[in-house]
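This report goes through a few residues and one bond in turn. Please have the sequence and the structure in view while reading.

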Amino acid sequence: MRKCKRHLLPLLLLAALSAAAGARPAYWHWWRSKVDGARICMQTPPGDGWRHSAGPYLDARCTRPAQH
């Protein structure tokens with residue numbers, strides 16, 4: 001039984017690392033404030049006071065459009 005447990009941990013670690021290796025970074029989007037119209041470039045929605053304005057983009061400046 002001990003032998004099985006010793007081999008299980010490396011297999012689980014390998015499975016976790018292989019899944020992460022295929023992941024790609026999240027896209028960036030322009031978000032516009034509902035209050036004053038200010039715009040910010042973020043990967044995730046900043047909150048209820050913001051709406052999606054444009055995107056997706058590949059960079060943190062929201063200048064390189066993503067090809068889907």
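## Ser33

The side chains of Ser33 and Asp36 are joined by a polar contact of 3.1 Å. The model shown here is predicted, and the distances in this report are computed from it.

Ser33 belongs to strand S1. Its relative accessible area is 8%, so Ser33 is buried. When residues up to four places away in sequence are not counted, Ser33 touches Ala38, Gly49 and Trp50.

## His29

Strand S1, which covers residues 28-33, also holds His29. Is His29 buried or exposed? The relative accessible area of His29 is 17%. Because buried means under 20%, His29 counts as buried.

Beyond its neighbours within four places in sequence, His29 is in contact with residues including Ile40, Cys41, Met42 and Gln43. The list of contacts of His29 also has His52, Ala54, Gly55, Pro56 and Cys62. With one of these residues, His52, there is a polar contact between side chains, at 3.0 Å.

## His52

His52, the partner of His29 in that polar contact, is found in strand S3, residues 50-57. Its relative accessible area is 40%, so His52 is partly exposed; the range for this class runs between 20% and 50%.

Which residues does His52 contact, leaving aside its neighbours within four places in sequence? They are His29, Trp30 and Trp31. A polar atom of the His52 side chain also lies 3.3 Å from the backbone oxygen of Ala54. Between His52 and Arg39 the C-alpha to C-alpha distance is 9.6 Å, and the two residues are 13 residues apart in sequence.

## The disulfide

How many disulfides does a search of the whole structure find? The search finds one. This disulfide joins Cys41 to Cys62, with an S to S distance of 1.8 Å. Cys41 is in strand S2 (residues 39-42) and Cys62 is in the segment after S3, so the pair ties together parts that are 21 residues apart in sequence.

A disulfide is a covalent bond between the sulfur atoms of two cysteines. The link of Cys41 and Cys62 is right-handed, with 80° about the S-S bond. Both Cys41 and Cys62 are buried.

Definitions and conventions:
Residues numbered from 1 in each chain as written. Predicted model: local features only at pLDDT ≥ 70, side-chain atom pairs only at ≥ 80, totals over all residues. Heavy atoms only, no water. Helix = DSSP H or I, 4+ residues; strand = E, 2+ residues; numbered from the N terminus. Buried < 20%, exposed > 50% of the residue type's maximum accessible area, 1.4 Å probe, protein only. Contact = heavy atoms within 4.5 Å. Polar contact = N/O pair within 3.5 Å; in protein donor to acceptor, adjacent residues only side chain to side chain. Disulfide = S-S within 2.5 Å.
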